[in-house]
Each structure stands twice: as structure tokens, then as C-alpha cells.
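Hello,

Here is the structure for you to look over. Open it first, then read my notes below.

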Amino acid sequence: MSEPKPPTPTPGDTYKGWLFKWTNYIKGYQRRWFVLSNGLLSYYRTQAEMGHTCRGTINLATANIAVEDSCNFVISNGGAQTYHLKASSEVERQRWITALELAKAKAVRMQAESDDSGDECPAVPPTSGQGGSCRNSEVQSTLRTLSSKVEDLNTCNDLIVKHGSALQRSLSELEGLRVGGDMGEKMRQVTERATLFRITSNAMINACRDFLSLAQSHSKRWQKALQVERDQRIRLEETLEQLAKQHNHLERAFRGATVLPPSFSNPALGNKGGGSGKGDASDEDDDNEFFDAMEDPAEFITVPADPKYHRRSGSNVSGISSETGMDDQSVNFDELSLASNPESPQPLELEPVRQRRTRIPDKPNYYLNLWSIMKNCIGKELSKIPMPVNFNEPISMLQRLSEDLEYYELLDKAAKCQSSLEQMCYVAAFTVSSYSTTVHRTGKPFNPLLGETFELDRLNECGYRSLCEQVSHHPPAAAHHAMSEKGWTLRQEITLASKFRGKYLSIMPLGSIQCLFDKSNNHYSWKKVTTTVHNIIVGKLWIDQSGEIDVVNHKTGDRCHLKFAPYSYFSRDVPRKVTGVVTDKDGKAHYVLSGTWDEKMEFSRIMQSSKGENGTEGKQRTVYQTLKAKEIWRKNPLPEGAENMYFFSSLALTLNEPEEGVAPTDSRRRPDQRLMEDGRWDEANAEKQRIEEKQRSVRREREREAVKAASSPEEAVCEDSVNDSPLKTDAVETGTEANEVSDESAHPDNYQALWFEKFDDPDSGETLHIYKGGYWEAKDQGSWDMCPDIF
């Protein structure tokens, strides 16, 4: 009795511990980790399994609890599930029996209340004007909690009576015994029953203490409830008065405008959004929730955080949510104050937003034997395999690269973040979102010609501009630059290395992607993962992404490690799963990201981390206790009929739309690509061959001039001028004729990009092409004399 004992289970609390469970006649009893919570008894092989694998669960509301002997007991729900359990001692067994009986009584009560209250309390969603209803609902919830505690006291009282009677019987038997051999055994029984009585009494005391604590804390809260309601009513009246004034000012300020931006087409709606962004009182209940354990990779698992880490600030709003909460719904009050100023100048008439196309011609049903083309190309790079347009999609690689900006809103939100760690979460979600368009896209983009460009001007609609240029042919490399009015710049240079392996095709993107934010000067960089196209020969084509990405903030040292799990027929994980951890420069984890690269991503704040037990491969896993996960990104639905339009997204449908004023080298002007989009594939293949032959003839001419320059040193100056001329871009070859091009004649150093220049980044240590300016100015002036004729 002098040994230290584990804490006695209190009514309503989660109870955990080790028990031995009967498995079969071969293995007998095996040690398992049991968790009792919310009327459910679950068990796991180890504590670390709590985050992802539950071996079994039984509902105590319909279960029977029976004691077999001093250490064994049985839990059964009528035959479907039966657990034969054994504790390490009789005292430990009684602790579990007490906790199970309390949990069963509470579960039966809750089930009865839910059945009885179905017709009595109709569910009416609260509105913004039902603050009193929310407060009344909170009081009713507290009363139900107190009532539950009273029922726990009654259950504990019954148990005390039960164990007290047993103790009394043992004492009576002890008095009738003569001193002898039976005396020691009876003394042991009396001692154990006294211990059990003490355990039950402690549970009764703890239940009384909880009841008293709840009553004291909520009594003070109820006293303040009336005053809080009065203060809220006064604040609402003042807010309504301010909104009415702002409404009046907005109508005056925009009365002279003939075309209004969409955000001000309904001023009352905009003001409502501003009011809701002031303080989300409706999120108070959400702050008390903690997310359930989810599927995680072998490196770490996540479990719900202890509520002690979730403290409220003085304003009754979660302090943690103030750090992780998003202000996307808030209104820019500087803009509102400017608009509400009667003395401010009248806005000019705005240009209407251009309506982009929502459909392209349906894909023709052409059949072509892929094996007849690919059987002699195993082991070669994809750029050196002659491919007809039948396997292409009607956009170029430059346009495909611009599709990374489909979820540019993530970078807009990141630019507004005050915390660099939170900003890292948005940047990491942006890196994952760029793969969402590839899940059904099995077509191959057109290989860009050297010097080919593509612009994506969404300045009026989305606030950003983008420019791509093919800056190298061997190896093929494309440079991309995007700049937003929201304060971010994205630049990347991607070189593709691809290998055909017979059954599948691997595409390994090389090069670096960088994102810079003007306000914080944070500089992020990362690289892409490997894309694999399966079932090249037999079966339906499908695409998978696999590998790891390290997103690094070179200014602060923050890092996000993302892992793209490869698909496996034998894995129980969700397909296309992505997990990640955001750490600071010291290696301390702050956020966990999880989701899939084709659907959505969520992030949650880490409150505590600890080392768990070793996994199946002997690697020690980290256990993260996190708050409730919040969705940070979700894939946009595909347009109607996308399966007949190459599974293009809404953005991809607009990329090859004809547009006036673009450069002569723009991908929209490619004749073979345009013919393919129109469904004229035979003509597209013929046009593709014409372009390739044109490139070959220009290349041969340049090689002859290079030979002359090498043999005549006095002609070297002239040759240099030829190399620097725009005509040199005509020497580009597409994938079909690449077998005839030598590395010497198409060395990337021989070509000077028109709109980009090489740059050695001191932060990341990468060498890449960055935008040197001049394109948009040339477009405004309509002067494209410097552009070569590559089509």
C-alpha cells in the first residue's frame, strides 16, 4: 500500500494505460495501449499508433462489463465484440472497472438525452442578430455539464455503497474467525477492499471538486453576462451608425462613376464584410476544438494538443488564433476612408474586365500506336524523341509553366502576413498547388523554340504580369518572371531532364524557383519534384508526383520540408499525399502541413513536440501536439466538359486564346499549335515539320559561318556580331530534329536571351536567368523589331 499509485480516474476524463488483451491460443495475452474517452474504449499496439492506426473500438453505452477473477475482466457488446482483458494487479483492474463504469453511465445518459431532445429543441442556425441566443445556448450547455457532474456524483455514490458493503462483510467475517491459518488470507482481502474503497472515495472527492470548481467559475461568468450583453448592444448601435455614415459617403464618392468595380457594386455588402472582420465572436467555440489525429508519414505523427496550451486573451478571443488567423475577410479601411472622403477626387471611368473564353474545340478521337514510336527510344531523353502532335496538348511548355500562377491568391495572402513562419505556410501551399493541374493531364506540351516567349497579362483582373522565354535549347531551359501589385515577385528557371524507361516516363525538373516579397524582403527558394507517367505501353495513363521539397527562407533561415509520397498499391495512406513541417532557423517546429497535391492542403500550429517510439523501420518518430487544422488551399473545380478539352483548367483554357499586341515570338502565334487546337491534326503535323526544317536550314548556315570564323581569325569579329544577332534564335530545333544537333553547335552559351540575363544569386547560390526589362515597354510602343522570325 505504500507504493506510489497512478492518478485515480475522474468522471468524464480520458483514461489511458496498458492492459493485456487476449488475442488467440498461440499468442495468448498481448500488451496493448488502451484509451477510454467519450464513452469509447479503443486500443493500439503502441502509444505512437494513436495518431494514425486504431486496432479496435467498443462503445460502452451498449457494452457489458464483467469481472472474472482478481485481475481479469471482460467487456462485450452482445457478441459482435468481446475483449478479454487482464490488468497487472487487482488494484489496477479496479481502477479500470471504476473508470469504465463511470464512462458507461455517462454514455448511456448522453444517448438518452440525445433521443429525448430531438423534438424539443429545433436546430435554428444563429444569425448575426442572435447574440442573446448564443449566450443562452452557452448557459444551457453549462447547465447540462453541471447536471452531468451530478449524475457522476450519483454513480460514485453507488460505487461507494457497493464497495463499503463489501468491506463491511469482510470485517464481519474477520471478527468471526479464530486466530489461525485463515487469518492472513482474510487480512489480505480486507486490505485490498480497503484500498478499493479508498480509490472509489478519491473518485468521489475529485468529482465533487470538479463540480464545485465549475459552479464557482460559471457563477461569476453569469454575473457578468448581463453587463456584457448591454455593452455589446451599445457597440452594435455605434457600429450600425458608422456603417450608415460610410454607406452615405460611398454613394457620394462614387456617384459620378459610370462603371463601378465589383467590390463596390453593393456597398452595404462590403461594409458587412468589414464589420465581420472586426472580431469573429462566432469563432469562439471553434477555438476550443482540437483536430483529430490524421494519417501521417513515418517521420512524425500528430495528436490533439492539450487544452492547457490554449489560453484566451483579455478580449475573450483566442490568442493563438490571433497569430494564425487570416485577415482575408477584413476590409482595407485605408481605401474605405479614401473613398468616404467627400473632398477626394472623383474616380476615372474604369475599363470593363475582359471576358475570357471558357471553351476550346473538343479533342478529336485519333488513334495512334505509341509503342511503334517509342520502342526504339528507350533510355533516351524526352526532348530527343520525335513525337507527332497526337500525343501533345495544344499549349507550349512556356504556357504550362505559367499555369503555376493559377493560385496566385496564396502569394497575395502571404504578402500580407506579419509572421514569416505563417508566410512560409502559404508559400509551401503555393508550391503544392502548382501540381494540381497535372493529375489528369497526360498530354505532352509543345517543346518551345529557342527565343519563343509567352506573356500572361492579368494586371487588370488579378494584379500580376508574367513573362516566359526559352533561353536554352540543349539542355532545354525556360525562364519565367511574374510580378504582382500585391508585393511579390516570382522567378524561376526550369530545365527538364527526362528518361523513358519502357513502362513509365520520368521527368526530373532541374533549376530553382524563387519568390521575393517587397514588404518583408523575405527571399524563398525551392525546387520541383519528379513527375512520373505510368502505363506508357499498356493500360490507362496516369501521373504521379514523388520526392521531397525544401522551401528555404534565406533571410530568416526558416525552412519547410515537404514530402510527396509516391503512390503504392500496398499503402494504406491517402493517394497523392503531401506532408510537411515548418521549422525556424534553430530547427524548432512551428507548423504541420498535410493534404494531397490534387485536392487541398491544411496547416495547424504545433503546441508541443516529443519523441515517440520507434517505427517499423527502427526510426524514431516525432509526435506533434497541434491545434485544429485550417484549410489553406483547395483545388478549383474543372470546367464543365473538361474531359473533352484535355482536362484543362479555367486558366489553361485561356492561355492559347488569340490576343492582339503580343510579341511575334509568343506561343499563341505558333501555327502548328493553333492548328492542333482547332482539331486539324494532320495539318498541324505538316506545319510542325515545316518549322523544324526551317530551323535545321538556319542551323546549318550558322555552322558554316562558324567554321569560316574558326579558320579565319580576321573574321572573328564579324562572327561575334552574327552570334549576338537575333537571327541566331532561328537555329533552335524542336524535339523531332534534336537527334541531328550536336552539343557544340547548340551550346546554351552561344545564345543571348532577349528579355532575360544570367544572374548569380548570392542568397541561394543559384545561377539563373532573371528578367532584365524592356518587354512591356516594347509592347506599349508596339515595337518588336528586335524579335526574330522563329515561326
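**Two helices side by side**

Start with two neighbouring helices. From H9, Leu410, Leu411, Lys413, Ala414 and Ala415 meet Gln423, Tyr426, Val427, Ala429, Phe430 and Ser433 in H10. Contact here means heavy atoms within 4.5 Å. By class, this contact of H9 with H10 has eight nonpolar, two polar and one charged residues. Ala, Val, Leu, Ile, Met, Phe, Trp, Tyr, Cys and Pro count as nonpolar; Asp, Glu, Lys and Arg count as charged; the others, Gly among them, are polar.

Before going on, please note that this is a predicted model: local features need pLDDT of at least 70, side-chain atom pairs count only at pLDDT 80 or more, and totals for chains, interfaces and linings use all residues. Residues are numbered from 1 along each chain as its sequence is written, and side-chain values use heavy atoms, with hydrogens and water left out.

How do the axes of H9 and H10 cross? Helix H9 covers residues 409-416, and its axis comes within 8 Å of the axis of H10, crossing at roughly 170°. Axes are lines fitted to C-alpha atoms, for helices over the stretch in contact, and angles run from 0 to 180 degrees between N-to-C directions. The two helices are therefore roughly antiparallel to each other. The cut-offs are: under 35 degrees is roughly parallel, over 145 roughly antiparallel, 65 to 115 roughly perpendicular, and the rest oblique.

In H9, Leu410, Leu411, Asp412, Ala414 and Ala415 are buried. Buried means under 20% relative accessible area, exposed means over 50%, and partly exposed is in between (1.4 Å probe, protein chains only). The cover over the buried residues of H9 includes H10, strand E13 (476-484), strand E14 (488-500), strand E16 (513-517) and strand E25 (630-634).

**The whole protein**

The protein has 15 helices and 27 strands. Helices (H or I, at least four residues) and strands (E, at least two) are DSSP runs, numbered from the N terminus. Buried residues make up 44% of the 791 residues. The protein exposes about 41,600 Å², and carbon and sulfur atoms supply 51% of that. These areas come from the Shrake-Rupley method with a 1.4 Å probe; for residues, only the protein chains shown count as cover. Take the contacts with a separation of 6 or more: residues 24 or more positions apart account for 60% of them.

**The cores**

A nonpolar core is a set of buried Ala, Val, Leu, Ile, Met, Phe, Trp, Tyr and Cys residues joined through side-chain atoms within 4.5 Å. The largest one has 66 residues. Which of them touch the most other members? They are Trp488, Leu490, Phe517, Trp526, Val551, Leu562 and Phe564. Helix H10 (residues 420-433) gives the most to this core, with nine residues. A second, separate core has 19 residues, including Leu36, Ile58, Leu60 and Ala103.

Look at Trp488 next. Not counting residues up to four places away in sequence, Trp488 touches Leu405, Tyr408, Leu411, Asp412, Ala415, Tyr464, Ala482, Met483, Leu516, Phe517 and Asp518.

- Asn521 lies in the loop between E16 and strand E17 (523-526). Its phi is near 60°, a positive value in a residue other than glycine. Asn521 is exposed, with a relative accessible area of 55%.
- Tyr646 is in the loop between E25 and helix H11 (650-655). Its phi is near 65°, again positive in a residue other than glycine. Tyr646 is buried, at 7% relative accessible area.
- Cys156 sits in helix H2 (residues 131-176). Cys156 is buried, with a relative accessible area of 1%. Cys156 and Thr200 are 44 residues apart in sequence, and 7.0 Å apart in space, C-alpha to C-alpha.
- Thr302 is in strand E8 (residues 300-304). Thr302 and Ser609 are 307 residues apart in sequence, yet 8.9 Å apart in space, C-alpha to C-alpha.
- Asn77 is in the loop between strand E6 (72-76) and strand E7 (82-86). At 23% relative accessibility, Asn77 counts as partly exposed. Leaving out residues up to four places away in sequence, Asn77 touches Ile58, Thr62 and Ala63.

Best wishes
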